[in-house]
Amino acid sequence: MTTDKPTPESIRGTLAAVRYPGFPRDIVSLGMVADVSIEGDHAVIALRLPGGRTDVPPVLESAVADAIAPTGLRARLVVAAPAAEPPGAPRSGPTPDQPVSLPGVRAVLAVSSAKGGVGKSTVATNLACAFAASGLRTGLLDADVHGPSLPIMMGTDARPLAAGGNRFHPVDRHGVRCISMGFFLDETSPVIWRGPMVAGLLRQFLADCEWGDLDVLVIDLPPGTGDAQLTLAQQVRLAGAVVVTTPQEVALRDVMRGVAMFRQVQVPILGVVENMAGFDCPSCGHHDDVFGRGGGEAVARAAGAPLLVSLPVDPAVRRSGDDGFPVALSDGPLGEGYRRLARTLAGSLRLAGGDVRVADA
Ligand SMILES: Nc1ncnc2c1ncn2[C@@H]1O[C@H](COP(=O)(O)OP(=O)(O)O)[C@@H](O)[C@H]1O
Ligand SMILES: [Mg+2]
């Protein structure tokens, strides 16, 4: 036991040694510790969980208990919902209701899909590579914290370098500045991330990363049209969104929810990318609509946006994704398809004029 009587400040200092599981940062610098008070022989620690979740990961609970033990106090974790804070209470950490300001970033482009497995991450990584290859300063943020695929698809598992304070540098790969939860995970990391934690972590990815000056920041959104997407769409001013779908997309209701979500946050849908649109047999030339047809057009109609491109099933796409060398970087029709898509979208974003700047959000 230490001899000094513990104070809320000293407890807070102690908590700065508690790493969020699987993340190289501590819970204080992540803005998760809303308040510390001492009641009898207990240190009462209010963790900031914006969604009001009470199921704090048990691993965090025992790490806090271990850290506090030498002070002679027992830890009691409580949930601090932002709305429950008295007005004027000192705020530690980020304010989740304000969009993050990215003054050096000209346009933030979201790549979204109503469901997983349609090739959203494939499109996001290839598009980012095609933007970079065309000379645009490009960033890529993998917001799919449950299934980060950027490290494999871009072919790097480098750790982001610290940039002083809580800040860190993105990882440069294929001319693209990349950030993914995959860069921060280790083999023992929990795969279960609570919703409010996810929102906080993504906010750090946006706000604490040294993106520098970018023409375009591509965000690989989490799949689905639910809270996770909405939260992220509210965290940053999006210049536009691209919706990825497969030809057999029949769940128009899900697509419409996504469209309504982007409308709600006033983000224009710049177009639809139809992926896995048929397979051309390399030996006999026969075309097979493996995944049906018409989905891209139906989604485009529903979204009131153009169908930008139909990309075929090609084993080279999966192989190049697995090899970390996106197909957009190679010659051939698929590479050309992605480069054309990048040109079209760069044009749309420029057409939006000076308004694409997201400074002073
Ligand atoms: N056009 C395509 N041809 C062949 N394989 C593809 C194509 N698009 C995506 N894939 C593969 O399909 C799988 C799922 O794609 P992914 O981009 O991870 O989907 P999502 O991000 O929507 O879950 C990956 O293995 C990827 O390499
Ligand atoms: Mg994905």
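This is a predicted model: local features need pLDDT of at least 70, side-chain atom pairs count only at pLDDT 80 or more; totals for chains, interfaces and linings use all residues.
**The chain as a whole**

- Of the 361 residues in the protein chain, 49% count as buried, while the accessible surface comes to about 16,200 Å², with 54% of that area belonging to carbon and sulfur atoms.

**Strand β10 and its partners**

- Strand β10 spans residues 269-275 and is mostly covered, since 7 of its 7 residues are buried under the cut-off of under 20% relative accessible area.
- On one pairing, strand β9 (residues 240-245) lies parallel to β10 over 5 bridges, and within this pairing T245 stands opposite E274 of β10.

**Helix α8**

- Helix α8 covers residues 295-303, and its buried residues are G295, G296, A298, V299, A300 and A303.
- The cover over these buried residues of α8 includes the strands β9, β10 and β13 together with helix α7 (252-264).
- Just after the end of α8, G304 adopts a positive phi of about 65°.

**Surroundings of ligand 1**

- There are 15 residues around ligand 1, and those that come nearest are G117, K120, S121, T122 and N275.
- From the backbone, an N or O atom of V118 lies 3.1 Å from an oxygen atom of the ligand, and a backbone N or O atom of G119 lies 3.0 Å from an oxygen atom of ligand 1.
- Taken alone, ligand 1 exposes 560 Å², and the protein buries 80% of that area.
- The elements that contribute two or more residues to the shell are α3 (120-133) and α9 (315-323), with α3 giving the largest share, 3 residues.
- By residue type, the shell around ligand 1 divides into 6 nonpolar, 6 polar and 3 charged residues.

**Individual residues**

- S112 lies in strand β4 (residues 105-112), and S112 counts as buried because its relative accessible area is 5%.
- Leaving aside neighbours within four places in sequence, S112 is in contact with K120, L221, Q229, V242, V243, V244 and F262; of these, K120 is also one of the residues that come nearest to ligand 1.
- Q266, in the loop between α7 and β10, has a positive phi of about 55° although it is not a glycine, and Q266 counts as exposed because its relative accessibility is 70%.
- M276 is likewise not a glycine and has a positive phi of about 65°; M276 sits in the loop between β10 and β11 (279-280) and is partly exposed, with a relative accessible area of 22%.

How values were computed:
Residues are numbered from 1 along each chain as its sequence is written. Chains are lettered from A and ligands numbered from 1 in the order in which they are written. Side-chain values use heavy atoms; hydrogens and water are left out. Buried means under 20% relative accessible area, exposed over 50%, partly exposed in between (1.4 Å probe, protein chains only). Accessible areas come from the Shrake-Rupley method with a 1.4 Å probe; for residues, only the protein chains shown count as cover. Helices (H or I, at least four residues) and strands (E, at least two) are DSSP runs, numbered from the N terminus. Two strands pair if DSSP finds at least two bridges between them. Contact means heavy atoms within 4.5 Å. A residue is near a molecule or strand if one of its heavy atoms lies within 4 Å of it. A polar contact is a pair of N or O atoms within 3.5 Å; within protein, one must be able to donate a hydrogen and the other to accept it, and residues adjacent in sequence count only if both atoms are side-chain atoms. Ala, Val, Leu, Ile, Met, Phe, Trp, Tyr, Cys and Pro count as nonpolar, Asp, Glu, Lys and Arg as charged, and the others, Gly among them, as polar.
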